Amino acid sequence: MRKNYFGTDGIRGRVGEHPVTPAFFLQLGLAAGTVFANRGSNRVIIGKDTRISGYMFESSLEAGFSAAGMDVFLLGPMPTPAIAYLTRTFNASMGIVISASHNPYYDNGIKFFSGQGLKLPDETELQIEALLDKKIPVVDSANLGKAHRIEDAAGRYIEYCKATLQSGSNLSGMHLVIDTAHGATYHVAPGVFRELGAKITVIGNQPDGLNINKGCGSTHMQTLQKAVLQHKADLGISFDGDGDRMLMVDAQGNIVDGDELLFIIAMYLAEKKQLQGGVVGTVMSNLGMEHGLAQHNIPFVRAQVGDRYVNDILLQKSWWLGGEPSGHIICRHVSTTGDGIVAALKILSIIVEKQTPLHELKQEMQKYPQLMINVPVHSKQDIFKNRAVNSAIALAEKEMGTHGRILLRPSGTEPVIRVMVEGESAEEVNKQVKRLAGVVADEVG
């Protein structure tokens with residue numbers, strides 16, 4: 001069940017062995033509602049992003065949960081972290097987000113949160129999955145769940161975000177360009193930054209159900225880069241479709257990625273002696289961040305790609321800070337999940353306090369050249385069982401030594417193998433990644 005994405009063009013696609021249809025979502029709501037019924041409040045929170053299929057799937061889920069006796073609270077379009085927050089605020093048993101994050105409009109997906117605003121544990125997901133193929137009885141008519149629409153959801157979340165800014169701080173005098181990707185933050189993010197005193201220029205805030213992430217947002221940064229330079233802004237902030245990730249553009253038009261932003265926050269908290277433990281990144285995190293943190297004696301651990309895995313390690317170690325190059329940044333002392341708006345406010349508060357522009361703050365980390373080639377494959381078989389691929393990896397690791405890093409991994413959402421190489425020498429990185437990608441293409445492409 002965890003963050004499944006699927007195609008909805010013509011209502012096609014599959015989740016495991018299940019065809020993606022409104023009937024599947026009704027069964028999913030009934031199954032999840034049956035598992036969670038009588039576990040506390042009997043309430044479920046449902047939010048979504050702006051893609052057109054969300055209307056249909058929202059209605060199906062509502063019917064399924066009602067049939068299981070769960071009261072449904074509908075938020076409409078809201079960022080993923082807002083659902084995590086409001087699930088706790090309304091004392092709900094679970095929260096659901098209908099979103100495919102950074103994917104195009106014709107994809108959609110689903111994410112679950114527990115009553116504590118965390119991703120569901122594996123055992124609970126397996127309980128839900130076990131009921132998907134079974135005939136589940138509907139509760140008696142007198143026990144059917146009711147549906148409610150929370151009209152002030154956006155206002156509640158805006159106030160929560162503003163409260164994460166250091167007391168007494170504001171953004172007066174700053175000019176920001178905000179790109180909301182025609183997604184779930186389109187009606188929330190502008191309010192947060194404007195109410196904190198910033199002058200804002202907003203782009204990508206006219207969702208029509210079909211344009212989410214299209215040529216905008218954190219997956220298409222060129223749009224924001226041009227806007228920042230055109231408006232001579234202090235910086236730009238770009239969200240993805242569901243608002244749980246965020247990237248920035250400095251005043252010079254340069255992209256500041258998740259690793260650089262995470263490093264800035266880590267250094268600030270360490271300087272203030274407020275960093276609990278160390279930092280969790282992923283296997284894709286830049287080697288320059290790892291080396292930079294080590295120079296300041298800040299522990300660093302890599303997780304698998306995915307904010308879920310970053311959060312798991314943070315919980316295990318009781319650490320506060322983690323994230324991904326894509327812009328998922330988790331500040332566990334203020335949020336239970338990755339939150340683009342909260343992370344942006346943390347960076348802005350550092351800029352204000354230090355009176356130092358973003359392009360100078362990011363220079364504290366020496367970012368190593370990193371290249372990645374996506375090799376299309378027919379099936380994402382275990383490439384590490386291939387002798388030629390293993391030999392090519394061993395050769396590259398021997399040639400680069402401690403001055404570089406190599407990673408091959410199957411994509412979680414696309415039929416590709418991601419071949420990534422990074423190191424101190426751009427020329428060496430380019431040579432190695434092309435050679436490795438060529439071997440992978442020849443062997444399993």
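Q: Why does Tyr105 count as partly exposed?
A: Tyr105 has 31% relative accessibility, so it falls in the partly exposed class (buried is under 20% relative accessible area, exposed over 50%, partly exposed in between, with a 1.4 Å probe and protein chains only). This is a predicted model, in which local features need pLDDT of at least 70 and side-chain atom pairs count only at pLDDT 80 or more, while totals for chains, interfaces and linings use all residues. Residues are numbered from 1 along each chain as its sequence is written, and side-chain values use heavy atoms, with hydrogens and water left out.

Q: Where does Tyr105 lie?
A: Tyr105 is in the loop between β6 (94-98) and β7 (107-114); strands are DSSP runs of E, at least two residues, and helices are runs of H or I, at least four, numbered from the N terminus.

Q: Turning to α2, how many residues does the helix have?
A: Helix α2 has 15 residues, 53-67, and reaches 22 Å from first to last C-alpha, close to the expected 21 Å (1.5 Å times one less than its number of residues).

Q: Which residues of α2 are buried?
A: Among them are Phe57, Leu61 and Phe65.

Q: Is Cys331 buried or exposed?
A: Cys331 is buried, at 2% relative accessible area, and Cys161 is buried at 0% relative accessibility.
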